Amino acid sequence: MSEQSLYLRGLAYTVGDAVPLADIEEGDPEQVQVFTKLGLHYYRKSPLSLPELCHRPVGETMRTSGVAPADVGAVLLAPTVNSIHAVGLDYPEVAQILGDYGLIDAKLYGVTLSKCSNLSAALELGSSLLRANDYSEVLIIVGDKCARDRDRFMDSAESILSDGALSFILSKTGGDYELKHLATSSDLSHLTKTYGVLAFVDNSVKNLGKLWRAIPPEFPPEKMEKVFCGNYNMLIQRGLMRELRTGQEMFYLDNLRRLGHVFSCDVLINLTDYAAETPLAPGATVTCLTVGYFRWGCFVLQKC
């Protein structure tokens, strides 16, 4: 990381209503049974449109962050709109969100190709924009909504997809968490080859392991309070624990059962829920891991 300190502030999210897997429309009973055995019990379904889902956390972020709209130099919109699973945002809908919160002068950027690692990609771009420009605040918005219930089942039961959105300010001036480390890795062969699910999961776990081991030594794994990753099934979670050589107690898994996989929102939703249940002491560090189709991300946050 650069000497310029960056912070996350005003974290806010919204998700749909909890629906038992057994109640999913067009759900195959055997498929539901497999998902349930792997630790997935509910998904979140919202009657709101994707713009409405994004609108809610943005309002909360602007209210709680203490940042004036005029100080937001850029807005990064990072939904998984290129996915067959998700519905998109149209330009007028984005303009409505920004206009409602006085953000019409901010530069607008779209971040989509990293799919469920869009959060890490947005943090990279946001960090670069803050260091290259004279403004001090960037608003980051991630969120997705599944188009059809039958598309909620991820391949080979990795997880069940849920509707939700999250936003926060990436700031030079202060916040709730300091961004102490950020790194991503990419494997562009995933764009040109067809990988089996097991090979894809294995490759993802190995990439996350490399990123974990590359965390600077001033943040030793044994001093890390928690690891937050996507809400994937317990087989994947255990494989990641073995790769990282950590015990299950280090992983936050509460939302796996009750929330499912909210695309690229998971890790910061999980952090927010954990901090609400078990307040982090100043100086405590956590690691967030993200998985995309060809990109993986790792960032370390320290409680301010």
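Q: Where is F263 found?
A: F263 sits in the loop between α7 (254-259) and α8 (266-277). Helices (H or I, at least four residues) and strands (E, at least two) are DSSP runs, numbered from the N terminus. This is a predicted model, in which local features need pLDDT of at least 70, side-chain atom pairs count only at pLDDT 80 or more, and totals for chains, interfaces and linings use all residues. Residues are numbered from 1 along each chain as its sequence is written, and side-chain values use heavy atoms, with hydrogens and water left out.

Q: Why is F263 called buried?
A: Buried means under 20% relative accessible area, exposed means over 50%, and partly exposed lies in between (1.4 Å probe, protein chains only). F263 has 2% relative accessibility, so it counts as buried. F263 also has a positive phi of about 50°, although it is not a glycine.

Q: How do you know whether P79 is buried or exposed?
A: P79 has a relative accessible area of 3%, which is under 20%, so we call P79 buried. It lies in the loop between β4 and α3 (91-100).

Q: Which residues does P79 contact, and what makes them contacts?
A: Contact means heavy atoms within 4.5 Å. Leaving aside neighbours within four places in sequence, P79 is in contact with L89, V111, T112, N118, I141, G143 and D144.

Q: Why do we speak of a nonpolar core here?
A: The term stands for a set of buried Ala, Val, Leu, Ile, Met, Phe, Trp, Tyr and Cys residues joined through side-chain atoms within 4.5 Å. The largest such set has 42 residues, and those with the most contacts inside it are L21, F35, I160, L240, F251 and L289. α5 gives the most to this core, with six residues. A second, separate core of 40 residues includes L8, L130, Y274 and L301.

Q: How do you know that β4 and β6 pair?
A: Two strands pair if DSSP finds at least two bridges between them. β4 (residues 72-77) and β6 (residues 137-144) have five bridges, in the parallel sense, so they pass that test. In one of these bridges, L76 is partnered with I140 of β6.

Q: What makes β5 and β9 edge strands?
A: They belong to an open sheet of nine strands in the order β5-β4-β6-β7-β1-β8-β11-β10-β9, with mixed pairing. β5 (107-110) and β9 (226-228) each pair on one side only.

Q: What do the buried residues of α6 pack against?
A: They pack against α5, α7 and β10. Among them are M234, I236 and L240.
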